[in-house]
Amino acid sequence: MRKEINDHVTLILLDSMEEIKCFFEKYQSKYMWYRGVSNASYRLIPKAYRNIEPFADQYGRSIEGFIPSTSGTQYLLHNYTGMLKKFKAILKDKVPSTIKSNFDWMFLAQHFGLATPLLDWTEDYRVALWFASDCPSRIFKPDEITYGEDHLSHYEFSKNYIAVYQMSPVKFNRMFIGEKCLENPIDVDTHMEYMETYYLPSSPYQTYSPVCIKGKWELDNRLLHQKGHFTIHGINIWALDYYIISKRIIKKILIPIYLLDEVHDFLDNEGITQQYIYQSEDMKDEITKKLNKDEFKLYEITLKELKKIAKKEDVLF
């Protein structure tokens, strides 16, 4: 095992199955959350905020051809609340009566693939490992590095590695919120007044920072088996591993792709299979695919129109 702290990022390289098991098992008694990614280059950013584009600077002027360095850049975001309304309209008579609040619907939709501002985490490192290792086989090609500079930071975003992010949700909320009653993963039903501002992107009171919220496993077997929890972004769309303060508490565990077969064998022996993770095929998977596809098409059309408007505004300056 190799460990390196660089610019507040804690990187850990595990290059054997024994090291992987030993590392994660020592945290069994501690309350940790994990997120697995099938490519170490993937950042901690929700689906609703991936592949979005800026269309104007802080003055409304076109920015095609350059990205301004000042704050206030205007981005077009995906209409996740609109997708959630459609998701709810289609399924309102086909889900358990326990699914009531906007967040109940968002939790359900997130676990079936809808683009939302939620990011999935799990209490079970084996579930995170399954998602990290659920990828096509890749050939390990040694990274080119400068002689004498073999630091883990060279591999942080390498395609030669899968990754598992690890963090304490209690420390995360303490850093970003600082209110004692909200330090633990937030129960949305108990703190609905606070959490509603996260659900409504147009709210003038929407919170800036991300926060850890407790999953509701009783809503669906998929949530239960994945032992799922969530982070949710506020109005800031940065990746969680971009913030300096979160880098201090989020570890990034790198695992070389040449260990994938051993990881798969370990998970199979543990009973962590695709059937265990997803339970069974569900109509909700197909519904969210269609809603995402329709929204992404509309996004491209709207983005072009906004860029045209921003170009016209250039004339005023």
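Residues are classed by relative accessible area as buried (under 20%), exposed (over 50%) or partly exposed (in between), with a 1.4 Å probe and protein chains only. The structure is a predicted model, in which local features need pLDDT of at least 70 and side-chain atom pairs count only at pLDDT 80 or more, while totals for chains, interfaces and linings use all residues. Residues are numbered from 1 along each chain as its sequence is written, and side-chain values use heavy atoms, with hydrogens and water left out.

Side chains of opposite charge can pair when their charged atoms come close. With a salt bridge defined as a side-chain nitrogen of Lys or Arg within 4 Å of a carboxyl oxygen of Asp or Glu, the structure holds 10 salt bridges. One of them joins Asp285 to Arg222, with 3.0 Å between the closest N and O atoms. This pair links distant parts of the chain, 63 residues apart: Asp285 lies in helix H11 (residues 283–313) and Arg222 in helix H7 (residues 221–226). Helices (H or I, at least four residues) and strands (E, at least two) are DSSP runs, numbered from the N terminus. Arg222 is buried, at 3% relative accessible area.

Helix H11 also contains Glu286 and Lys289, which are three residues apart and therefore separated by about one helical turn. Their side chains form a salt bridge at 3.7 Å, N to O. Glu286 is exposed at 52%, and Lys289 is exposed at 53%. In the salt bridge between Asp294 and Lys290, the closest N and O atoms are 2.8 Å apart. These two residues of helix H11 are four residues apart, so about one helical turn separates them. Asp294 is partly exposed at 35%, whereas Lys290 is exposed at 52%.

Surface patches were built from residues with over 30% relative accessible area and no salt bridge, joining like charges within 9 Å and nonpolar side chains (Val, Leu, Ile, Met, Phe, Trp, Tyr) within 5 Å. Tyr208, Ile235, Trp238 and Tyr242 form a nonpolar patch with about 440 Å² of accessible area together. Accessible areas come from the Shrake-Rupley method with a 1.4 Å probe; for residues, only the protein chains shown count as cover. Trp238 is partly exposed at 40% and sits in the loop between strand S9 (228–232) and helix H8 (244–247).

No disulfides were counted under the criterion of a pair of cysteine sulfur atoms within 2.5 Å. Cys135 is buried at 15%, and Cys212 is buried at 0%.
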